[in-house]
Amino acid sequence: MLAGAVRSTCILGLVDRPLCIAFVLGAFTGDWQLALPLGIIIELCWLDVIELGSVIPPYAGLTFLLAFPLCRHFGMMSPGQAILPLLLSLLAACAAAWCERQQRLALNPMIAAVSPTSQLGGLSPERAVLSAGLRRALVQFLLYTVSFGVISIVLFLFQKNGNMPSLAGISWHELYGVALLGALLSLRTHQAYCVLVGGLTILMIIIWGSH
C-alpha cells in the first residue's frame with residue numbers, strides 16, 4: 001500500500017519512540033521531572049508498538065507530544081494531575097492509527113494510476129509516494145491540532161469549574177506499575193499473564209494500604 005511505502009521511506013528508528021522524544025524535549029525545556037516520567041509511562045504502555053507491514057498500531061510518540069505540553073500549560077505537574085491528559089492523549093493516539101487505516105484505504109485506487117514511466121500517461125511511483133506522503137502529513141497535522149484543541153478545552157472546563165480530576169497521593173512509581181501492563185502483555189505468554197495478574201494484585205494491596 002502507498003501509505004506503507006511512504007512510511008518506509010522515512011525510517012526514524014528509535015527517534016519516534018516516546019522515551020527518546022522525552023529526552024529531546026526534556027533537554028530543550030529543562031523540565032526533566034515531567035518529561036522523563038511521562039516518557040517512561042507511555043513507552044511501557046506500548047512497548048511492543050512496531051509499525052511493521054500492514055499493522056497500524058497507536059501512535060505512541062503522538063501521546064507524549066500531546067500530554068507533555070498540555071501538562072505544562074495547565075500546570076498539571078504531579079502524577080495524580082497528569083492522569084487525565086495522559087488518558088486523553090492515549091485515546092488520540094488510537095484515533096491517529098484509525099485515521100491512517102482509513103487513509104490507506106482511500107489511497108488504494110491510486111495504485112491503478114501508477115505507471116513505471118510517466119511517459120505512459122500514468123502517475124510515476126515517485127509522484128505517487130510524494131502525493132501520499134503529503135496527504136498523510138496533512139491529515140496527521142490536522143489530527144494533532146484538533147486533538148490538542150479538544151483536550152485543551154476539556155482541561156480548561158475542568159479547571160474553570162474547579163473540579164479537575166486528580167488522584168492525590170499517587171506517585172510516578174505507581175503509574176509505572178500500571179504502565180507495565182503493556183510491557184508484560186507484549187511478551188504474549190501465559191507466564192507473563194500470571195506475573196501480570198499477581199503484580200496487579202500486589203500493587204492494589206500496596207496502594208490500598210498506603211491510602
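This report describes the fold, core, salt bridges, aromatic pairing and surface of a predicted model.

## Overall architecture

The protein has eight helices and zero strands. Read from the N terminus, its elements run α-α-α-α-α-α-α-α. Of its 211 residues, 38% count as buried.

Contacts between residues at least 6 apart in sequence show how the chain is brought together: 74% of them join residues at least 24 apart. The accessible surface comes to about 12100 Å², and 72% of this area belongs to carbon and sulfur atoms.

In soluble globular proteins, nonpolar side chains tend to be buried together. Here the largest nonpolar core contains 36 residues, and L38, I41, F64, L155 and W172 have the most contacts inside it. Two or more residues of this core come from each of these elements: α2 (18-29), α3 (32-45), α4 (60-73), α5 (79-107), α6 and α7 (172-185). Helix α6 covers residues 125-161.

W172 is one of the residues with the most contacts inside the core. Apart from its neighbours within four places in sequence, W172 is in contact with Q33, L34, P37, L38, I41, M77, S78, P79 and A82. Two of these partners, L38 and I41, are themselves listed with W172 among the core residues with the most contacts.

P79 belongs to helix α5. Its relative accessible area is 12%, so P79 counts as buried. When neighbours within four places in sequence are set aside, the contacts of P79 are I170, S171, W172 and L175.

T63 is found in helix α4. With a relative accessible area of 0%, T63 is buried. Residues up to four places away in sequence are not counted here; beyond them, T63 touches I42, W46, L86, S89, L90 and A93.

## Salt bridges

The structure holds two salt bridges. One joins E43 and R17, whose closest N and O atoms are 2.7 Å apart. E43 is part of helix α3 and R17 is in the loop between α1 (2-8) and α2, so this pair ties together parts that are 26 residues apart in sequence. Both E43 and R17 are buried.

The other is formed by the side chains of R72 and D31, with an N to O distance of 3.0 Å. Because R72 lies in helix α4 and D31 in the loop between α2 and α3, the pair ties together parts that are 41 residues apart in sequence. R72 is partly exposed, at 38% relative accessible area, whereas D31 is buried, at 12%.

## Aromatic pairing

Three aromatic pairs are found in the whole structure. One of them is formed by F23 and W32, with an edge-to-face arrangement, a centre-to-centre distance of 6.1 Å and an angle of 65 degrees between the planes. An angle over 60 degrees counts as edge-to-face, which is why this pair is classed that way.

F23 has a relative accessibility of 44% and counts as partly exposed. W32 is also partly exposed, with a relative accessible area of 34%.

## Surface features

A nonpolar patch on the surface is made up of L138, F141 and L142, which together have about 320 Å² of accessible area. L142 sits in helix α6 (residues 125-161). Its relative accessibility is 45%, so L142 counts as partly exposed.

L36, in helix α3, is partly exposed as well, with a relative accessible area of 24%. The C-alpha atoms of L36 and P18 are separated by 9.3 Å, and the two residues are 18 residues apart along the chain.

Definitions and conventions: Residues numbered from 1 in each chain as written. Predicted model: local features only at pLDDT ≥ 70, side-chain atom pairs only at ≥ 80, totals over all residues. Heavy atoms only, no water. Patch = residues over 30% accessible without salt bridge, like charges linked within 9 Å, V, L, I, M, F, W, Y side chains within 5 Å. Areas by Shrake-Rupley, 256 points an atom, 1.4 Å probe, with all protein chains shown as cover. Salt bridge = Lys/Arg side-chain N within 4 Å of Asp/Glu carboxyl O. Helix = DSSP H or I, 4+ residues; strand = E, 2+ residues; numbered from the N terminus. Buried < 20%, exposed > 50% of the residue type's maximum accessible area, 1.4 Å probe, protein only. Core = buried A, V, L, I, M, F, W, Y, C linked by side-chain atoms within 4.5 Å. Contact = heavy atoms within 4.5 Å. Phe/Tyr/Trp six-rings, centres within 6.5 Å; stacked < 30°, edge-to-face > 60°.
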